[in-house]
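Visitor: I have a structure to look at and would like to learn how to read it. Where shall we start?

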Amino acid sequence: PYVWSGQQIINLYNDLIDFSGNQKDLPDYYLGNIILVKSDKSDKFKIIDGQQRIISLLIIDRLISNKFYSISLDINSKVTADNIKKNAGYLKQHLKQINDKIQINWDRVNITYIIAKNDDQAFKFYTTLSTTGRRLAGIDIIKPFHLQAIEKDKQEEKALQLEKYQFDHNKLANIVKILLRARYWKGIDFKDFPRNH
């Protein structure tokens with residue numbers, strides 16, 4: 001589900017405004033990769049990686065310019081819907097306080113998007129790419145595969161639990177290290193295992 005906080009969306013907005021105010025001296029603003037899967041039954045796409053950024057950008061756009069008015073999302077999660085409303089209200093309040101005259105130059109905001117044929121291919125892309133330029137942590141690699149194996153109606157609940165444990169003093173770090181070691185297991189011998197990955 002969409003779980004960004006109000007502060008995260010304000011940080012993104014402020015970054016975009018700072019960039020737009022100084023853009024002559026800067027290369028394009030790069031927001032990383034997003035990974036999509038095209039539906040066989042319609043013209044819709046499933047977001048595999050990038051949901052937090054896409055929804056946050058649409059909230060920002062809706063409140064300041066409405067340039068991307070033709071883009072629509074199917075929201076199937078109450079948590080997502082509630083957080084969209086909460087963050088839109090949070091950003092709206094922020095905009096009232098700052099009364100900023102700088103417009104975001106959307107033409108200079110870049111995202112690399114990858115359209116995969118199916119979920120398996122998308123998750124392979126996900127495990128080899130990082131949206132922040134750093135290697136993916138073990139939890140980032142393992143989480144989507146485990147969530148994909150859970151019944152659809154329980155995925156949101158489990159995703160929220162994983163987010164909580166992932167960011168709450170790294171409680172899952174030891175379990176993830178063991179699970180990643182299992183991926184390298186050959187017979188009874190282990191390959192050298194990079195501890196931080």
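Predicted model: local features only at pLDDT ≥ 70, side-chain atom pairs only at ≥ 80, totals over all residues.

Visitor: Is I111 buried, exposed or partly exposed?

Guide: Buried means under 20% relative accessible area, and exposed means over 50%. I111 has a relative accessible area of 31%, so it is partly exposed.

Visitor: Now the inside. Which residues of the largest nonpolar core touch the most other members?

Guide: A nonpolar core is a set of buried residues joined through side-chain atoms. Here the largest has 20 residues, and L12, L16, I60, L91 and I104 touch the most other members. At least two residues each come from α1 (6-21), β1 (29-38), α2 (51-64) and α3 (78-98). The largest share is 7 residues, from α1.

Visitor: What is L16 in contact with, leaving aside its neighbours within four places in sequence?

Guide: Y29, L57, I60, I104, W106 and V109. There is also a second, separate core of 5 residues, including I35, V37, A122 and Y126.

Visitor: And F19: buried or exposed?

Guide: F19 lies in helix α1. Its relative accessibility is 4%, so F19 counts as buried. Leaving aside neighbours within four places in sequence, F19 is in contact with L26, P27, D28, Y29 and R108.

Visitor: How many residues apart along the chain are F19 and V109?

Guide: They are 90 residues apart, yet 9.3 Å separates their C-alpha atoms.

Conventions: Residues numbered from 1 in each chain as written. Heavy atoms only, no water. Buried < 20%, exposed > 50% of the residue type's maximum accessible area, 1.4 Å probe, protein only. Core = buried A, V, L, I, M, F, W, Y, C linked by side-chain atoms within 4.5 Å. Helix = DSSP H or I, 4+ residues; strand = E, 2+ residues; numbered from the N terminus. Contact = heavy atoms within 4.5 Å.
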